[in-house]
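Thanks for coming. I will walk through one structure this morning, starting with a sheet and then moving to the helices around it.

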Amino acid sequence: MVGTNITREKIVETVSNLVIKAAKILPAGVIHALKKAKTEEESQTAKKVLEILIKNAELAEKNSLPICQDTGIDCVFVDLGRELTLEFDLEEAIQEGIRQGTKKGFLRASVADPLKRKNTGDNTPGIIHLNLVSGRQLVIKVLPKGCGSENMSALYMLPPSAGVDGIIEKVVNRVFEAGANPCPPGIIGIGIGGTMEMAALLSKKALLRPIGEHSKSDDVRELEKKILHKINDLGIGPLGLGGKTTALWVSIEVYPCHIASLPVAINYQCHAARCATATLVDGEMEVAF
């Protein structure tokens, strides 16, 4: 095992910065997709809505303000190299980073006890997913998830006989049922395969993939394109006011499953598709979008 100069304080600082930046700066790919959608829209109402969404994102970045009042529950994805030795509790440091970022960024505390509904007051605990990888890598991604869109997510345990057509039908119908609730146009993350919980995790991970980046699998890539086309044919449009842009992108992640099962999970992300990443480079954590 090889040591590292990454300290608890550095992780806390990094996560705090990611929480703040993700809440206030949309990734360039999302802005580009919104602008592209605006030029391609035929509906004047849809064009105007997209113009407002773009302006809102630009003002948020310029004035260091949250893109949306719902700054979300922070989902944190960590790739940790097996050769790294961290002499502190990584999960505790991440939670403290969320706590400090929420306070420093003047972000809304949106996390509560599920039964008593009492707010924790500092947006913790966040949701942490740790993935062990080779080498001395360390990558931390913060995905703030607002619940207008999260609440429109769904999980289906289909029979294998449903096939690809059954998957398409479930996804498109779910987007139709969601209507304007998830603040479209957004990204549709889809997890196919594994088990119930794996499909749900895959659908969330799918949202981490940048807009414009298809699956490396030919079959999955074609399915992404087909589903996106069918979703945008629904005519729901930006904020549900009609138009040809109901989704900006569809991302699918797959995993082998039991011969008697076909799990399919759908995780909806709104137009404020926020995400920020920090990567360990030469002993320092570098933040990117």
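Before the sheet, a term: two strands count as paired if DSSP finds at least two bridges between them. Helices (H or I, at least four residues) and strands (E, at least two) are DSSP runs, numbered from the N terminus. What you see is a predicted model, in which local features need pLDDT of at least 70, side-chain atom pairs count only at pLDDT 80 or more, and totals for chains, interfaces and linings use all residues. Residues are numbered from 1 along each chain as its sequence is written, and side-chain values use heavy atoms, with hydrogens and water left out.

With that settled, strand 5, residues 186-193, and strand 7, residues 262-269, pair in the antiparallel sense over 6 bridges. G191 stands opposite A265 in strand 7.

These two belong to an open sheet of 4 strands, in the order 4-7-5-6, with mixed pairing. Which strands stand at the edges? Strand 4 (154-158) and strand 6 (247-255) do; each has a single partner strand, so one side of each is left without a neighbour in the sheet. Neighbouring strands of this sheet are turned by 15° against each other on average, direction ignored. For angles in general here, axes are lines fitted to C-alpha atoms, for helices over the stretch in contact, and angles run from 0 to 180 degrees between N-to-C directions.

Now the helices on that sheet. Contact means heavy atoms within 4.5 Å. Helix 7, residues 196-206, packs on the sheet and touches strand 4, strand 5, strand 6 and strand 7; its direction makes about 150° with that of strand 5. Helix 8, residues 218-232, lies across strand 5 and strand 6 and runs at about 145° to strand 6.

Helix 8 also meets helix 6, residues 163-178: their axes come within 10 Å and cross at roughly 40°. On the helix 6 side the residues are V164, I168, V171, V172 and V175, and they meet L223, K226, I227, K230 and I231 in helix 8.

Is K204 buried or exposed? K204 is buried, with a relative accessible area of 10%; buried means under 20% relative accessible area, exposed over 50%, partly exposed in between, with a 1.4 Å probe and protein chains only. Leaving aside neighbours within four places in sequence, K204 is in contact with C75, F77, L143, K145, E150 and N267.

By contrast, H258 lies in the loop between strand 6 and strand 7. H258 is exposed, with a relative accessible area of 53%. H258 and T246 are 12 residues apart in sequence and 33 Å apart in space, C-alpha to C-alpha.

Next, strand 3, residues 138-145, where 7 of its 8 residues are buried. Strand 1, residues 73-81, runs antiparallel to strand 3 and is joined to it by 8 bridges. Here D74 stands opposite P144. Strand 3 also pairs with strand 8, residues 276-281, in the antiparallel sense over 4 bridges, and K141 stands opposite T277.

Last, helix 1, residues 8-24. Its buried residues include I11, V15, L18 and A22. Among the elements that cover the buried residues of helix 1 are helix 3 (44-63), strand 1, strand 3 and strand 8. That is the tour; questions are welcome.
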